[in-house]
Amino acid sequence: MSAVYWNGGSVTRHPGFRDPRTIDPPAAATPAETGPSIRGLAPGEPAGTRVGQGSGQAGSPAHGRSPERQAVASAEPEPEPVTAHGAMTVRLVLYGAGALAREIVDVLERLNAHETAIQLQASIVDPGIDAPETFRARPVVRDVRTFAGDDSLRFVVALGEPGPRARAVAHLRTEIGARFATIIDPGVLIGASSRIGAGAVLLGHSSVTADVQLGDHVLVNPGCTVAHDNVLEDFATLSPGVHLAGHVQVGEGAFLGTGACVIPKIRIGAHALVGAGAVVIRNVAPGRTVFGNPARPLPTRPLRRD
Ligand SMILES: CC(C)(COP(=O)(O)OP(=O)(O)OC[C@H]1O[C@@H](n2cnc3c(N)ncnc32)[C@H](O)[C@@H]1OP(=O)(O)O)[C@@H](O)C(=O)NCCC(=O)NCCS
């Protein structure tokens with residue numbers, strides 16, 4: 001059964017994942033870092049609207065505090081009451097009007113073919129980016145403040161790159177206190193013990209097995225395997241056909257290219273980039289690019305991902 005519902009609970013941080021670039025010492029937290037936010041939910045607090053199928057719950061790991069992340073955290077609004085499964089209409093706004101947005105619209109159509117009622121309202125495209133006036137027969141809007149004050153809206157950021165996605169999320173939160181929907185294709189298999197963060201997007205024919213933790217705004221493209229006990233931090237991105245064996249940890253904003261494979265217990269650092277088709281058999285340091293079989297570091301220089 002497909003369902004639209006608030007999902008209580010929160011993702012707890014994997015105890016073994018200590019990425020020095022993203023994990024700050026626990027002392028001296030400020031109110032902005034500990035107030036109500038997707039980063040600081042108490043266990044059981046609702047975290048976001050989830051749209052789709054599967055039995056996992058949404059929530060968020062408590063993460064480190066980059067400036068961008070602080071901006072996100074401090075703008076997080078109070079959560080809404082829990083609503084019964086299957087009976088809610090979601091008014092959705094996409095941020096983006098490109099390939100991922102088109103794929104998400106396809107997911108929405110599949111969900112609406114079940115019992116879910118998701119009404120696409122509009123798409124947001126940054127000023128200066130060339131785009132038509134409409135996207136999928138809905139208006140293209142240039143200023144997120146167009147949606148200010150409408151608490152019934154939910155947003156999903158349809159940008160495939162983790163950096164722009166994180167910036168868009170921060171922008172939406174700081175400008176209008178946006179709340180995010182989690183989009184899960186009905187064809188995704190999700191283990192009952194797995195947790196999925198707010199704003200995550202999971203596209204078709206992927207499997208998320210037992211005790212997986214997906215952070216907020218994670219993107220799982222089609223045909224991925226996310227095996228048992230994996231932890232994907234916020235904004236981590238799996239391109240099509242990525243296969244993660246068990247106990248893999250993917251840091252915040254890391255990007256894995258098409259068809260990459262990762263053997264068990266590997267740690268991929270925050271903002272690392274794994275090349276298409278790479279076979280990762282050793283840990284990847286934060287910010288590094290690796291590629292090939294076995295995956296080896298690429299010398300530091302400008303990168304091209306598409
Ligand atoms: C690894 C990667 C980031 C390197 O990008 P880059 O820095 O622009 O590298 P270049 O294209 O200049 O290639 C540099 C060299 O590495 C090789 N190379 C590039 N990517 C490779 C890969 N994935 N596997 C093996 N070799 C690769 C090139 O053949 C080239 O070799 P050469 O110097 O002997 O000719 C990129 O190729 C990649 O794999 N990106 C992932 C893209 C992706 O999957 N996107 C998903 C969209 S949904």
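1. Strand 18 (residues 243-244) and strand 21 (residues 261-262) are paired in the parallel sense, over 2 bridges. Strands are here DSSP runs of E with at least two residues, helices are DSSP runs of H or I with at least four residues, and both are numbered from the N terminus. Two strands count as paired if DSSP finds at least two bridges between them. Within this pair, H243 lies opposite C261 of strand 21.

2. On provenance, this is a predicted model, in which local features need pLDDT of at least 70 and side-chain atom pairs count only at pLDDT 80 or more, whereas totals for chains, interfaces and linings use all residues. Residue numbers start from 1 along each chain as its sequence is written.

3. For the protein chain overall, the secondary structure consists of 4 helices and 26 strands. Of its 306 residues, 49% are buried, a residue being buried if 20 or more other C-beta atoms, placed from the backbone, lie within 10 Å of its own. Among contacts with a separation of 6 or more, 50% join residues 24 or more positions apart; a contact requires C-beta atoms, placed from the backbone, within 7 Å.

4. Because 5 of its 7 residues are buried, strand 3 is largely enclosed by the rest of the structure. Strand 3 pairs in the parallel sense with strand 4 (residues 117-124) over 7 bridges, and also in the parallel sense with strand 7 (residues 153-157) over 5 bridges. Y95 stands opposite I124 in strand 4 and has V157 as its bridge partner in strand 7.

5. Strand 3, helix 3 (residues 99-112) and strand 4 form a right-handed β-α-β unit. Right-handed means that, with the strands pointing away from the viewer, the path from the first strand over the helix to the second runs clockwise.

6. Which residues have the most contacts inside the largest nonpolar core? They are L94, I104, V156 and V274, in a core of 77 residues. Helix 3 supplies the largest share of this core, 7 residues. Such a core is a set of buried Ala, Val, Leu, Ile, Met, Phe, Trp, Tyr and Cys residues joined through C-beta atoms within 7 Å. Leaving aside residues up to four places away in sequence, I104 touches L94, V156, A158, I183 and V201.

Conventions:
Buried ≥ 20, exposed ≤ 12 C-beta atoms within 10 Å, placed from the backbone. Contact = placed C-beta atoms within 7 Å.
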